[in-house]
Amino acid sequence: MASEQGLGLDALVDVLKAAGEPTRMRLLALLAAGDLTVTDLTEILGQSQPRISRHLKLLAEVALIDRYQEGAWAYFRLKGEGAGVALVRELLAASNVSDAVLTRDAERLAALKQARSEKAQAYFSRNASEWDELRRLHVSEADVEAALKKVVGSEPVDGLLDLGTGTGRILQLFEGLYRRGVGVDASRDMLAVARANLDRAGITKASIRHGDIFNLPLDGRQFDLVTIHQVLHFLQQPEAAIAEAARMLSPGGRLAIIDLAPHALEYLRDDHAHMRLGFSRQTMAEWLEKAGLSVEEVVDLAPEKDRDRQLTVTIWLARDQRQTTVADLSEGGKALAYAGRP
(Lines give C-alpha, C1' and ligand atoms only; values in the text may rest on other atoms or scores of the structure.)
Protein backbone atom coordinates (compact mmCIF):
# COMPACT_ATOMS: atom_id res chain seq x y z
CA MET A 1 0.00 0.00 0.00
CA ALA A 2 1.36 3.41 -0.94
CA SER A 3 -0.69 5.03 1.79
CA GLU A 4 -3.50 4.16 4.19
CA GLN A 5 -5.69 6.74 2.49
CA GLY A 6 -4.54 5.91 -1.03
CA LEU A 7 -5.10 7.75 -4.28
CA GLY A 8 -8.27 8.16 -6.26
CA LEU A 9 -8.24 6.74 -9.79
CA ASP A 10 -7.68 10.09 -11.52
CA ALA A 11 -4.94 11.11 -9.08
CA LEU A 12 -3.27 7.72 -9.43
CA VAL A 13 -3.22 8.00 -13.21
CA ASP A 14 -1.83 11.56 -12.97
CA VAL A 15 1.01 10.42 -10.72
CA LEU A 16 1.83 7.48 -12.96
CA LYS A 17 1.80 9.70 -16.05
CA ALA A 18 4.11 12.20 -14.38
CA ALA A 19 6.54 9.59 -13.09
CA GLY A 20 6.25 7.25 -16.07
CA GLU A 21 8.80 8.99 -18.29
CA PRO A 22 12.54 8.23 -18.23
CA THR A 23 13.85 11.74 -17.53
CA ARG A 24 11.25 12.43 -14.86
CA MET A 25 11.94 9.10 -13.15
CA ARG A 26 15.65 9.97 -13.16
CA LEU A 27 14.82 13.36 -11.65
CA LEU A 28 12.75 11.75 -8.91
CA ALA A 29 15.61 9.39 -8.07
CA LEU A 30 18.01 12.32 -7.78
CA LEU A 31 15.64 14.51 -5.77
CA ALA A 32 15.02 11.66 -3.35
CA ALA A 33 18.69 12.03 -2.38
CA GLY A 34 18.51 15.69 -1.37
CA ASP A 35 18.14 19.31 -2.49
CA LEU A 36 19.29 20.17 -6.01
CA THR A 37 19.04 23.17 -8.32
CA VAL A 38 18.10 23.16 -12.00
CA THR A 39 21.77 23.81 -12.75
CA ASP A 40 22.75 20.75 -10.71
CA LEU A 41 20.21 18.63 -12.54
CA THR A 42 21.24 19.82 -16.00
CA GLU A 43 24.85 19.02 -15.15
CA ILE A 44 23.99 15.51 -14.00
CA LEU A 45 21.52 14.60 -16.73
CA GLY A 46 23.24 16.46 -19.56
CA GLN A 47 19.97 18.03 -20.73
CA SER A 48 19.01 21.65 -21.38
CA GLN A 49 17.72 23.90 -18.62
CA PRO A 50 14.34 24.56 -20.32
CA ARG A 51 13.76 20.83 -20.70
CA ILE A 52 14.64 20.10 -17.09
CA SER A 53 12.44 22.98 -15.92
CA ARG A 54 9.49 21.65 -17.92
CA HIS A 55 9.85 18.19 -16.38
CA LEU A 56 10.10 19.69 -12.89
CA LYS A 57 6.94 21.71 -13.51
CA LEU A 58 5.03 18.54 -14.39
CA LEU A 59 6.26 16.78 -11.25
CA ALA A 60 5.31 19.78 -9.10
CA GLU A 61 1.80 19.88 -10.58
CA VAL A 62 1.05 16.43 -9.14
CA ALA A 63 2.63 17.32 -5.76
CA LEU A 64 5.62 15.01 -6.03
CA ILE A 65 8.34 17.62 -5.45
CA ASP A 66 8.88 20.77 -3.39
CA ARG A 67 10.38 23.97 -4.78
CA TYR A 68 11.79 26.77 -2.65
CA GLN A 69 13.74 29.89 -3.44
CA GLU A 70 17.15 30.74 -2.03
CA GLY A 71 18.13 34.13 -3.40
CA ALA A 72 18.58 33.76 -7.14
CA TRP A 73 18.57 29.97 -6.89
CA ALA A 74 15.58 27.63 -6.77
CA TYR A 75 16.06 24.30 -4.99
CA PHE A 76 13.97 21.17 -5.55
CA ARG A 77 13.51 17.97 -3.56
CA LEU A 78 11.14 15.01 -3.37
CA LYS A 79 8.25 15.81 -1.03
CA GLY A 80 8.46 14.20 2.36
CA GLU A 81 4.95 12.80 2.47
CA GLY A 82 1.79 12.10 0.49
CA ALA A 83 0.26 9.04 -1.16
CA GLY A 84 1.79 9.96 -4.50
CA VAL A 85 5.25 10.29 -2.97
CA ALA A 86 4.87 6.95 -1.18
CA LEU A 87 4.05 5.34 -4.54
CA VAL A 88 7.08 6.96 -6.17
CA ARG A 89 9.33 5.68 -3.40
CA GLU A 90 8.00 2.16 -4.03
CA LEU A 91 8.73 2.54 -7.74
CA LEU A 92 12.25 3.75 -7.03
CA ALA A 93 12.80 0.86 -4.62
CA ALA A 94 11.76 -1.54 -7.41
CA SER A 95 14.37 -0.17 -9.83
CA ASN A 96 17.45 -2.20 -10.73
CA VAL A 97 20.33 -0.79 -8.68
CA SER A 98 22.77 -1.77 -11.43
CA ASP A 99 20.86 0.00 -14.21
CA ALA A 100 23.48 1.79 -16.32
CA VAL A 101 21.61 5.12 -16.57
CA LEU A 102 20.70 5.34 -12.89
CA THR A 103 24.21 4.28 -11.89
CA ARG A 104 25.75 7.01 -14.03
CA ASP A 105 23.35 9.57 -12.53
CA ALA A 106 24.30 8.45 -9.03
CA GLU A 107 28.01 8.76 -9.84
CA ARG A 108 27.56 12.29 -11.20
CA LEU A 109 25.49 13.21 -8.15
CA ALA A 110 28.24 11.91 -5.87
CA ALA A 111 30.82 13.99 -7.75
CA LEU A 112 28.64 17.09 -7.48
CA LYS A 113 28.17 16.56 -3.75
CA GLN A 114 31.90 16.07 -3.31
CA ALA A 115 32.62 19.38 -5.05
CA ARG A 116 29.96 21.06 -2.91
CA SER A 117 31.52 19.56 0.20
CA GLU A 118 35.02 20.77 -0.69
CA LYS A 119 33.76 24.30 -1.28
CA ALA A 120 31.87 24.30 2.02
CA GLN A 121 34.87 22.90 3.87
CA ALA A 122 37.05 25.71 2.53
CA TYR A 123 34.67 28.28 4.04
CA PHE A 124 34.47 26.33 7.29
CA SER A 125 38.27 26.15 7.54
CA ARG A 126 38.63 29.91 7.05
CA ASN A 127 36.43 30.51 10.10
CA ALA A 128 37.33 27.51 12.24
CA SER A 129 39.88 29.32 14.41
CA GLU A 130 37.30 31.91 15.49
CA TRP A 131 34.73 29.24 16.34
CA ASP A 132 37.32 27.19 18.23
CA GLU A 133 38.19 30.23 20.34
CA LEU A 134 34.55 30.63 21.39
CA ARG A 135 34.18 26.93 22.18
CA ARG A 136 37.12 27.12 24.55
CA LEU A 137 35.22 29.61 26.67
CA HIS A 138 32.55 27.15 27.82
CA VAL A 139 32.05 23.46 28.53
CA SER A 140 32.72 21.07 25.69
CA GLU A 141 30.27 20.67 22.83
CA ALA A 142 30.00 16.99 23.71
CA ASP A 143 28.76 17.91 27.20
CA VAL A 144 26.27 20.43 25.78
CA GLU A 145 24.94 17.91 23.27
CA ALA A 146 24.61 15.18 25.90
CA ALA A 147 22.67 17.54 28.17
CA LEU A 148 20.45 18.68 25.30
CA LYS A 149 19.60 15.10 24.31
CA LYS A 150 18.73 14.33 27.92
CA VAL A 151 16.45 17.38 28.20
CA VAL A 152 14.67 16.70 24.89
CA GLY A 153 14.27 12.99 25.61
CA SER A 154 13.94 10.04 23.26
CA GLU A 155 10.27 10.26 22.26
CA PRO A 156 10.02 10.50 18.44
CA VAL A 157 8.71 13.72 16.89
CA ASP A 158 7.11 14.25 13.53
CA GLY A 159 8.83 17.53 12.63
CA LEU A 160 12.02 19.23 13.86
CA LEU A 161 12.92 22.82 12.96
CA ASP A 162 16.43 24.11 13.72
CA LEU A 163 16.75 27.90 13.53
CA GLY A 164 20.19 29.32 12.77
CA THR A 165 21.19 25.81 11.81
CA GLY A 166 24.81 26.71 11.04
CA THR A 167 26.65 23.49 10.23
CA GLY A 168 23.45 21.45 10.56
CA ARG A 169 24.77 19.75 13.67
CA ILE A 170 21.39 19.68 15.48
CA LEU A 171 19.79 17.94 12.48
CA GLN A 172 22.53 15.32 12.72
CA LEU A 173 22.33 15.03 16.50
CA PHE A 174 18.59 14.26 16.48
CA GLU A 175 18.54 12.33 13.20
CA GLY A 176 17.02 9.28 14.89
CA LEU A 177 14.30 11.34 16.60
CA TYR A 178 12.42 13.14 13.82
CA ARG A 179 10.54 12.03 10.71
CA ARG A 180 11.26 15.26 8.82
CA GLY A 181 13.68 18.03 9.65
CA VAL A 182 14.27 21.56 8.42
CA GLY A 183 17.26 23.77 9.12
CA VAL A 184 17.05 27.52 8.46
CA ASP A 185 19.96 29.96 8.30
CA ALA A 186 20.52 33.47 6.96
CA SER A 187 24.06 32.72 5.76
CA ARG A 188 24.30 31.02 2.38
CA ASP A 189 27.88 30.00 3.20
CA MET A 190 26.67 28.17 6.29
CA LEU A 191 23.84 26.59 4.31
CA ALA A 192 26.45 25.12 1.99
CA VAL A 193 28.30 23.71 5.00
CA ALA A 194 25.09 22.24 6.42
CA ARG A 195 24.10 20.64 3.12
CA ALA A 196 27.55 19.12 2.73
CA ASN A 197 27.40 17.71 6.26
CA LEU A 198 23.96 16.18 5.70
CA ASP A 199 25.15 14.71 2.41
CA ARG A 200 28.17 13.20 4.16
CA ALA A 201 25.98 11.75 6.90
CA GLY A 202 23.50 10.34 4.35
CA ILE A 203 20.58 12.22 5.91
CA THR A 204 17.88 12.80 3.27
CA LYS A 205 14.88 13.41 5.53
CA ALA A 206 16.18 16.87 6.49
CA SER A 207 16.25 19.91 4.22
CA ILE A 208 18.10 23.22 4.47
CA ARG A 209 16.41 26.56 3.81
CA HIS A 210 17.60 30.13 3.51
CA GLY A 211 15.51 32.43 5.67
CA ASP A 212 15.14 35.27 8.14
CA ILE A 213 14.67 34.06 11.71
CA PHE A 214 12.24 36.95 12.27
CA ASN A 215 10.13 36.09 9.21
CA LEU A 216 10.45 32.41 8.43
CA PRO A 217 9.55 31.09 4.96
CA LEU A 218 7.42 28.33 6.49
CA ASP A 219 3.83 27.71 7.48
CA GLY A 220 3.16 27.93 11.21
CA ARG A 221 2.07 25.18 13.59
CA GLN A 222 4.01 22.51 11.71
CA PHE A 223 6.76 21.38 14.09
CA ASP A 224 6.73 19.38 17.32
CA LEU A 225 10.22 20.51 18.27
CA VAL A 226 12.02 23.78 17.45
CA THR A 227 15.63 24.40 18.45
CA ILE A 228 17.64 27.64 18.61
CA HIS A 229 21.27 26.78 19.33
CA GLN A 230 23.71 29.62 20.21
CA VAL A 231 21.91 32.15 17.99
CA LEU A 232 19.98 34.58 20.20
CA HIS A 233 23.04 36.42 21.54
CA PHE A 234 23.76 37.62 17.98
CA LEU A 235 20.34 39.26 17.66
CA GLN A 236 19.21 42.77 18.51
CA GLN A 237 15.68 41.52 19.27
CA PRO A 238 15.94 37.92 20.51
CA GLU A 239 12.41 38.05 21.93
CA ALA A 240 11.04 38.58 18.39
CA ALA A 241 12.90 35.47 17.22
CA ILE A 242 11.38 33.50 20.10
CA ALA A 243 7.89 34.68 19.12
CA GLU A 244 8.49 33.58 15.53
CA ALA A 245 9.80 30.22 16.74
CA ALA A 246 6.67 29.79 18.87
CA ARG A 247 4.54 30.43 15.78
CA MET A 248 6.14 27.37 14.18
CA LEU A 249 5.13 25.02 17.00
CA SER A 250 2.27 22.60 16.68
CA PRO A 251 -0.09 22.68 19.68
CA GLY A 252 1.78 21.23 22.64
CA GLY A 253 5.09 21.41 20.77
CA ARG A 254 8.38 22.25 22.47
CA LEU A 255 11.03 24.90 22.00
CA ALA A 256 14.61 24.21 23.08
CA ILE A 257 16.96 27.20 23.43
CA ILE A 258 20.67 26.75 23.99
CA ASP A 259 22.56 29.94 24.75
CA LEU A 260 24.80 31.71 27.21
CA ALA A 261 24.01 32.74 30.77
CA PRO A 262 24.79 36.38 31.73
CA HIS A 263 28.52 37.14 31.63
CA ALA A 264 30.90 40.11 31.55
CA LEU A 265 33.14 39.36 28.55
CA GLU A 266 32.64 42.71 26.82
CA TYR A 267 35.19 41.99 24.09
CA LEU A 268 32.77 39.49 22.56
CA ARG A 269 30.67 42.41 21.36
CA ASP A 270 33.40 43.87 19.18
CA ASP A 271 35.44 40.78 18.33
CA HIS A 272 32.61 38.32 17.72
CA ALA A 273 29.51 40.46 17.02
CA HIS A 274 27.66 39.41 20.19
CA MET A 275 24.71 41.77 20.66
CA ARG A 276 23.80 40.33 24.08
CA LEU A 277 26.07 39.19 26.88
CA GLY A 278 23.96 36.20 27.81
CA PHE A 279 20.41 35.82 29.14
CA SER A 280 19.08 35.46 32.67
CA ARG A 281 16.52 32.84 33.60
CA GLN A 282 14.00 35.53 34.46
CA THR A 283 14.35 37.40 31.17
CA MET A 284 14.07 34.23 29.12
CA ALA A 285 11.06 33.05 31.11
CA GLU A 286 9.29 36.36 30.48
CA TRP A 287 9.93 36.19 26.73
CA LEU A 288 8.78 32.59 26.54
CA GLU A 289 5.61 33.31 28.52
CA LYS A 290 4.82 36.29 26.29
CA ALA A 291 5.14 33.97 23.28
CA GLY A 292 2.56 31.58 24.76
CA LEU A 293 5.05 29.03 26.11
CA SER A 294 5.69 27.73 29.60
CA VAL A 295 9.14 26.77 30.85
CA GLU A 296 9.41 23.07 31.68
CA GLU A 297 13.12 22.74 32.43
CA VAL A 298 16.25 24.87 32.71
CA VAL A 299 19.75 23.38 32.87
CA ASP A 300 22.96 25.33 33.52
CA LEU A 301 26.26 23.89 32.29
CA ALA A 302 28.95 25.78 34.19
CA PRO A 303 32.70 25.26 33.65
CA GLU A 304 34.45 23.43 36.46
CA LYS A 305 37.03 25.82 37.93
CA ASP A 306 38.79 26.21 34.60
CA ARG A 307 40.46 29.61 34.27
CA ASP A 308 40.09 29.55 30.46
CA ARG A 309 36.43 28.56 30.47
CA GLN A 310 34.43 31.53 31.71
CA LEU A 311 30.99 31.05 30.18
CA THR A 312 27.99 29.08 31.40
CA VAL A 313 25.74 27.49 28.79
CA THR A 314 22.04 27.33 29.65
CA ILE A 315 19.40 25.09 28.09
CA TRP A 316 15.75 26.17 28.29
CA LEU A 317 12.95 23.79 27.35
CA ALA A 318 9.48 25.33 26.98
CA ARG A 319 6.13 23.98 25.76
CA ASP A 320 3.36 25.54 23.71
CA GLN A 321 0.23 26.03 25.84
CA ARG A 322 -2.51 25.76 23.22
CA GLN A 323 -4.96 22.96 23.69
CA THR A 324 -5.86 20.60 20.85
CA THR A 325 -9.36 19.25 20.35
CA VAL A 326 -10.58 16.92 17.64
CA ALA A 327 -13.94 17.68 16.02
CA ASP A 328 -15.70 15.35 13.62
CA LEU A 329 -16.80 16.87 10.35
CA SER A 330 -20.22 16.17 8.84
CA GLU A 331 -18.74 13.77 6.28
CA GLY A 332 -16.87 11.75 8.85
CA GLY A 333 -13.47 13.46 8.48
CA LYS A 334 -11.59 15.12 11.28
CA ALA A 335 -10.20 18.60 11.73
CA LEU A 336 -8.07 20.13 14.43
CA ALA A 337 -9.54 23.07 16.32
CA TYR A 338 -7.05 25.22 18.21
CA ALA A 339 -7.74 27.11 21.38
CA GLY A 340 -5.47 29.60 23.09
CA ARG A 341 -2.79 31.70 21.43
CA PRO A 342 -3.83 32.73 17.87
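## Around H274

H274 touches L134, H233, F234, L260, L268 and R269, leaving aside residues up to four places away in sequence; touching, or contact, means heavy atoms within 4.5 Å. H274 sits in the loop between α11 (267-272) and α12 (281-290). Helices such as these (H or I, at least four residues) and strands (E, at least two) are DSSP runs, numbered from the N terminus. Is H274 buried or exposed? H274 is buried, with a relative accessible area of 4%. Here, buried means under 20% relative accessible area, exposed means over 50%, and partly exposed lies in between (1.4 Å probe, protein chains only).

A word on what you are looking at: this is a predicted model, where local features need pLDDT of at least 70 and side-chain atom pairs count only at pLDDT 80 or more, while totals for chains, interfaces and linings use all residues. Residues are numbered from 1 along each chain as its sequence is written, and side-chain values use heavy atoms, with hydrogens and water left out.

Now look at helix α1 (residues 9-19), whose buried residues are V15, A18 and A19. They cover an arc of only 90 degrees around the axis, so they lie on the same side of α1; the arc is that of the directions from the helix axis to the C-beta atoms. An α-helix has 3.6 residues a turn, so residues three or four places apart point the same way.

The other side of α1 has L9, D10 and K17, which are exposed. What do the buried residues of α1 pack against? Their partners are α2 (22-31), α4 (49-61) and α5 (83-93).

## How α2 meets α4

The axes of α2 and α4 come within 10 Å and cross at roughly 75 degrees. Axes are lines fitted to C-alpha atoms, for helices over the stretch in contact, and angles run from 0 to 180 degrees between N-to-C directions. The two helices, α2 and α4, are therefore roughly perpendicular to each other (65 to 115 degrees).

From α2, the contact is made by T23, R24, L27, L28 and L31, and from α4 by R51, I52, H55, L56, L58 and L59. By class, this contact of α2 with α4 has seven nonpolar, two polar and two charged residues. Ala, Val, Leu, Ile, Met, Phe, Trp, Tyr, Cys and Pro count as nonpolar, Asp, Glu, Lys and Arg as charged, and the others, Gly among them, as polar.

Notes. Parallel < 35°, antiparallel > 145°, perpendicular 65-115°, else oblique.
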